[in-house]
Every structure is written in structure tokens, then in C-alpha cells.
Amino acid sequence: MRRAGLGEGVPAGNYGNYGYPNSGYSACEEENERLTESLRNKVTAIKSLSIEIGHEVKHQNKLLAEMDSQFDSTTGFLGKTMGKLKILSRGSQTKLLCYMMLFSLFVFFVIYWIIKLR
């Protein structure tokens, strides 16, 4: 008595794909390989893109840290200047500042008058 095997009715020697007859299995295997390669290429592209994004983020963080330190130093400088201006405005030097402003306006009007007469 003979047992029925895989691919009965198929000519001998056509069982190269894991015991399955050469039907659609080979086409499916080729399609899987093609899709696997396509997926591998996409994963590689995404990996390189994410690495580039990481480098860009590190660079931007460095720039932000530098800007932060520059803003801190500028804030300190402006704070000192404003403090000096407050001291100047509170003191008896207010009269001197008013005299300087009046003198500047006088010089401006004299120069304007001279230019207008020409």
C-alpha cells in the first residue's frame, strides 16, 4: 500500500520549496524578499534621518545655551546702567542734567537758524 505524499500528481523533482510543489509559493517568497528589502531600505533611511535630527538638536541646544548666557550678561549690564540712571535722577545732579538739556536745545536752534538763513 502506497501513502499519498505532498504534491501528489506533480512530476518528480519539483519539490524544491520546502516540500511544496512549484505553485505560488515561489512567487510569494520572491514577493516577501522584495518587500523585506524595501522595508530594510526604508528603515535605513529613517535611521539616518533620525541621526541627522539628533545632531541638529544638539547643535541647536548649544546655540540656545550660548544665547542664554549672552542674554544673562546683557541683562546684568542693563540692570547696572538703569541703577546708575536712577542714582543720577535722585541726586542733586538733576539741575545739572536740566541745564545740559537746555543748552543742547539752544545749540540745536542756533544751528537750525544758521542753516535757515543761508
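Reader: Is R40 buried, exposed or partly exposed?
Author: R40 counts as partly exposed, because its relative accessibility is 46% (buried is under 20% relative accessible area, exposed over 50%, partly exposed in between, with a 1.4 Å probe and protein chains only). Keep in mind that this is a predicted model, where local features need pLDDT of at least 70, side-chain atom pairs count only at pLDDT 80 or more, and totals for chains, interfaces and linings use all residues. Residues are numbered from 1 along each chain as its sequence is written, and side-chain values use heavy atoms, leaving out hydrogens and water.

Reader: What does R40 form a salt bridge with?
Author: With E37, and the closest N and O atoms are 2.6 Å apart. A salt bridge here is a side-chain nitrogen of Lys or Arg within 4 Å of a carboxyl oxygen of Asp or Glu. Both R40 and E37 lie in helix α1, three residues apart, about one turn of the helix. E37 is partly exposed too, at 37% relative accessibility.

Reader: How many salt bridges does the whole structure have?
Author: Two. R34 and E31 also meet through their side chains, at 2.5 Å from N to O. They sit in helix α1, residues 25-90, three residues apart.

Reader: New topic: how many helices and strands are there?
Author: Two helices and zero strands, counted as DSSP runs numbered from the N terminus (helices are H or I, at least four residues; strands are E, at least two).

Reader: And how much of the chain is buried?
Author: Of its 118 residues, 2% count as buried.
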